[in-house]
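Hello,

Have a look at it first, and then read on.

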Amino acid sequence: MAEYIDSNTLSKLRAISILEVADELGMGLRYHNALCISHNDTHPSLHFWTSTNTCHCFACGWGGDNIDLVMKRENLSFSEACQWLCRRFNISAGNHSAGNRKEVLHRDKAVAEHRKSECDTDRLNLRGEFQHKPDVDYLMRMLMGKKLTDKARDFLFYQRKLRPEYIYWCRVVSTDFSIAGYRFGGKFFDGPSLLIPYYDVHGNLLTVQSRYLGDKTEEKPRFKFAPGSKPMVYGMQILPQVTEKEPLVITEGCTDCWSAMSMGYKAIAIPSATLCNEECRNLLSGRNLHMWPDQDKPGIGLYMKLKEMFPQLVYHQLPEGCKDLSDYYQSFYVQKM
Ligand SMILES: [Zn+2]
């Protein structure tokens, strides 16, 4: 099979950043480190170098370039790994030869074209990085087997004092251990974490976000979206239950959204005005919208931008000393009830 890959294509493949390849493989890179795929790793030992575009495991000694990485991780031959990279990074493998080689390449190209058209709209995230769609089927099955662990219940119900019925309604679950973010992925979501499903207005799962519950001292991001996912508006599945006249609270994130719900409001979260696309604007226009903006520059900025989109949006001032709605809920609302 190796003869199907010409040297021109090969040099294109070798030029793809190994970091992007690791991301595409769902390896959960952190500061150029990941769990090794060659031994049973518990602490990220596999290190990536951008200068050489290679990786090396400090524990078992395994290493290689981006093609070796795909071969090892996906258990593919060299030529299969090259084809995998061509498809995932939309590289067409040349067309100057005859026979079955041409056919193989033609087929690969068709797959790449199909994939390209399928995900053209969400190929770029805010940082301009290459993206694919999240593996929703996998995420759905992953969520089904899970419930709230003791650690998550402690965080949500005792520390944050959120009302369980809303958390269950939002179908939040959790994991104590690190788990994969897509079908062929290694560990991606760090344990212990909340697993927060995002739905569209019809209740279809769009993606999952994790919220890390471990020690703050560890170098782990607090929030992580499933591989191939981008940030999005949270809680749209509530809209069919909200009448046009009924107040709908806009918050900045999931936790504030759950706090608003625990205060008795129907709520969604819009972390950034740029996430409010045309569909979202249509769904929210004409509604009775309210906001308690965070008392910081981004919070007020978000309010101003949303106010331009929705002139009816009502501003509510948080009491002095409260930085966000969760804070308000915990320090005033809970005691009042
Ligand atoms: Zn290793």
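H32 sits in the loop between α2 and β1, where helices (H or I, at least four residues) and strands (E, at least two) are DSSP runs numbered from the N terminus. Its phi is positive, about 65 degrees, although H32 is not a glycine. H32 counts as partly exposed because its relative accessibility is 32%; buried means under 20% relative accessible area, exposed over 50%, and partly exposed in between (1.4 Å probe, protein chains only). Y31 lies in the loop between α2 (18–24) and β1 (33–34) as well. Y31 is not a glycine either, yet has a positive phi of about 50 degrees. At 59% relative accessibility, Y31 counts as exposed.

Before you go further, please keep in mind that this is a predicted model, in which local features need pLDDT of at least 70 and side-chain atom pairs count only at pLDDT 80 or more, while totals for chains, interfaces and linings use all residues. Residues are numbered from 1 along each chain as its sequence is written, and side-chain values use heavy atoms, with hydrogens and water left out.

For the chain as a whole, the secondary structure comes to 12 helices and 14 strands. Of the 337 residues, 48% are buried. Among contacts (heavy atoms within 4.5 Å) with a separation of 6 or more, 57% are between residues 24 or more positions apart.

Now to the helices. Two packed helices are described by the angle between their axes and the distance between the axes. Axes here are lines fitted to C-alpha atoms, for helices over the stretch in contact, and angles run from 0 to 180 degrees between N-to-C directions.

How do the axes of α1 (residues 7–14) and α4 (residues 78–88) cross? They come within 10 Å and cross at roughly 65 degrees. That makes α1 roughly perpendicular to α4, given that angles under 35 degrees count as roughly parallel, over 145 as roughly antiparallel, 65 to 115 as roughly perpendicular and the rest as oblique. From α1, the contact is made by T9, L10, L13 and R14, and from α4 by F78, C82, L85 and C86. These residues divide into 6 nonpolar, 1 polar and 1 charged; Ala, Val, Leu, Ile, Met, Phe, Trp, Tyr, Cys and Pro count as nonpolar, Asp, Glu, Lys and Arg as charged, and the others, Gly among them, as polar.

Which residues of α1 are buried? They are T9, L10 and L13. Because they cover an arc of only 100 degrees around the axis, they are on the same side of α1; the arc is that of the directions from the helix axis to the C-beta atoms. The buried residues of α1 pack against α3 (66–74) and α4.

α3 and α4 pack at about 105 degrees, with their axes 9 Å apart. α3 is therefore roughly perpendicular to α4. I67, V70, M71 and E74 of α3 meet F78, A81, C82, W84 and L85 of α4 in this contact.

V70, in helix α3, is buried, with a relative accessible area of 0%. Not counting residues up to four places away in sequence, V70 touches V21, L25, N75, L76, A81, W84 and L85.

One last item for your notes: the peptide bond from G191 to P192 is cis, with omega near -5 degrees. P192 lies in the loop between β7 (187–189) and β8 (193–199).

Best wishes
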